[in-house]
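Let's take a walk through this model together. Have the sequence and the 3D view open side by side, and we'll go from one element to the next.

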Amino acid sequence: MSGSVVPDPVFPAHRLDVTDLACRRAGRPVFAGLSLSLGPGRPVWLKGPNGVGKSSLLRLLAGLGRPAAGTIALDGVALDDDPEGYAAEVHFIGHAEALKPALSLYDNTAFFARLQGVAEAQVAERVDAALDTLSLGALRDLPARMLSSGQRRRAALARLFLAARPIWLLDEPTVGLDAGARADLARLIARHAGQGGCALIASHDPLDPAMAVVEMASAASLDLGPDGDADLDMWEIA
Ligand SMILES: Nc1ncnc2c1ncn2[C@@H]1O[C@H](COP(=O)(O)OP(=O)(O)OP(=O)(O)O)[C@@H](O)[C@H]1O
């Protein structure tokens, strides 16, 4: 992955505050009493056993679904009070890659770029740069149906560099990635953090030992500190 031609934004400091969040799915409680603050600086690895609610938490933070209780606020503004403003700052990558099988990788990615408001004159350059960042340039003209699962995952990750949003919420981003791509992803996340971005990454794989660790085990109260950089013990949930 090269990354050199992708625009390097520098983000103003943002802070995502979650207070007393509760989540129910299909009428069943998943977690409750979960509080955390995510700030710029140190990316956060969200770990925990299958079914504890990592994906459910990320989905709520992405604005997909409503919490059973509690609040989510960005820079002091509740998500409910400004859902569009909130959505403009957050990039969620879930399990689905959202690729149209018949469209080329380039066309899929260009479609996303246009949705993001990338100016038409810049679409080609920005899309090629984003694909190069994930080492996908040679595959740009292949229909998405011909991509391997790891290549599809890379395609989803390439969109991070078109949306250029400060808050990344990544659900199992390493699934299907080979060891080299995992290391590259860790570097891209660290670069994002270096630009003032925030990142919360749910994964069963430790991506980077430099990341902060939040372990979800039960109803939780997590404090990541003012810069997402504090004592690890504070984030671990008994
Ligand atoms: N679409 C759904 N409808 C109803 N319940 C769901 C749905 N998806 C997940 N759940 C339930 O929500 C709970 C939390 O699931 P979630 O996917 O958030 O866990 P997770 O920590 O991300 O797990 P994993 O490590 O396996 O990905 C589980 O008990 C699961 O059964």
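**A helix under cover**

Start with helix α5 (residues 149-158): 7 of its 10 residues are buried, so this helix is largely enclosed by the rest of the structure. Buried here means that 20 or more other C-beta atoms lie within 10 Å of a residue's own; 12 or fewer makes it exposed, anything in between partly exposed, and the C-beta atoms are placed from the backbone. Helices (H or I, at least four residues) and strands (E, at least two) are DSSP runs, numbered from the N terminus.

Before going further, keep in mind that this is a predicted model: local features need pLDDT of at least 70, side-chain atom pairs count only at pLDDT 80 or more, and totals for chains, interfaces and linings use all residues. Residues are numbered from 1 along each chain as its sequence is written.

Back to α5. Its buried residues are Q151, R153, R154, A155, A156, L157 and A158. What covers them includes β6, α3 (105-115), α4 (120-133), α6 and α7, with contact taken as C-beta atoms, placed from the backbone, within 7 Å. In α3 you'll find D107, which counts as partly exposed because it has 17 C-beta neighbours inside 10 Å.

β6 and β7 (residues 167-171) run parallel and are joined by 4 bridges. V90, for instance, has I167 of β7 as its bridge partner.

Both ends of β7 are worth a look. Most residues other than glycine have a negative phi. A164, in the loop between α6 (160-163) and β7, has a positive phi of about 50° although it is not a glycine. A164 is partly exposed, because 19 other C-beta atoms lie within 10 Å. In the loop between β7 and α7, E172 also has a positive phi, near 50°. E172 is partly exposed too, because its count within 10 Å is 18 other C-beta atoms.

Now for the largest nonpolar core, which has 65 residues; V44, L169, A199 and I201 touch the most other members. Such a core is a set of buried Ala, Val, Leu, Ile, Met, Phe, Trp, Tyr and Cys residues joined through C-beta atoms within 7 Å. Helix α7 (residues 179-194) gives the most to this core, with 6 residues.

Finally, which residues surround the ligand? They are R25, A26, V30, G48, N50, G51, V52, G53, K54, S55 and S56, counting a residue if its C-beta atom, placed from the backbone, lies within 6 Å. The largest share of this shell, 3 residues, comes from helix α1 (residues 54-61). α1 is mostly covered, with 6 of its 8 residues buried, among them K54 and S56. Just after α1, G63 takes a positive phi of about 80°.

Technical notes
Two strands pair if DSSP finds at least two bridges between them. Two residues are in contact if their C-beta atoms, placed from the backbone, lie within 7 Å.
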